[in-house]
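Hi everyone, thanks for coming.

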Amino acid sequence: MDATYSFEIDRARSLVRISMSGLFTLADVDGFLRDRREAHAALGCAPNRHLTLNDLRGMKIQHQEVVAAFREMLAAPEYRSRRLAFVAGPTLAKSQLMRALSGRDARCFEDVASAERWLFG
């Protein structure tokens, strides 16, 4: 549909910055997973030692099968972040995020500065 995402790697801080927006299809999720593998490989740190900051402020409400695919992705142990922060506005998309995060040690923030303080604190 109109899904977009990007990855920015900060090797010095073992940080992956992700930005996601739009409405995702299952094919978009598959592409995201492929590109996430490449981003994690570029980090150069030990598995599960990285930090993740994901900016979702541009996300639209997702179809339930896409939410389920993201929930499955977040549960996969091989890419689990040491700390996982999301930036999301006060929308229904944030409610979907919180359901997908059940069982994860992750936090949701309304701005990037707050998310970074928690990640690096």
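Let me start with a definition: buried means under 20% relative accessible area, exposed means over 50%, and partly exposed is in between, with a 1.4 Å probe and protein chains only. What you see is a predicted model, where local features need pLDDT of at least 70, side-chain atom pairs count only at pLDDT 80 or more, and totals for chains, interfaces and linings use all residues. Residues are numbered from 1 along each chain as its sequence is written, and side-chain values use heavy atoms, with hydrogens and water left out.

Phe 32 comes out at 1% relative accessibility, so this residue counts as buried. Phe 7, at 22%, counts as partly exposed.

How are these two rings arranged? Rings of Phe, Tyr and Trp (its six-membered ring) pair if their centres lie within 6.5 Å; planes under 30 degrees apart are stacked, over 60 edge-to-face, and the rest tilted. A search of the whole structure finds seven aromatic pairs. One of them joins Phe 7 and Phe 32, tilted, at 5.2 Å centre to centre with 35° between the planes. Phe 7 belongs to strand β1 (residues 4–10) and Phe 32 to helix α1 (residues 26–43), so the pair links distant parts of the chain, 25 residues apart. Here helices (H or I, at least four residues) and strands (E, at least two) are DSSP runs, numbered from the N terminus.

Now to another pair. Phe 109 and Trp 118 have ring centres 5.9 Å apart and planes at 40°, so this pair is tilted. Phe 109 is buried at 15% relative accessible area, and Trp 118 is buried at 12%.

Next, Asp 28, which is in helix α1. Asp 28 is buried yet has no salt bridge, and the nearest side chain of opposite charge, Arg 34, is 8.9 Å away. A salt bridge would need a side-chain nitrogen of Lys or Arg within 4 Å of a carboxyl oxygen of Asp or Glu. Lys and Arg count as positive, Asp and Glu as negative, and His and the chain ends are not counted.

Last, the core: buried Ala, Val, Leu, Ile, Met, Phe, Trp, Tyr and Cys residues joined through side-chain atoms within 4.5 Å. The largest nonpolar core has 21 residues, and those with the most contacts inside it include Phe 24 and Phe 70. Helix α2 gives the most to this core, with five residues.
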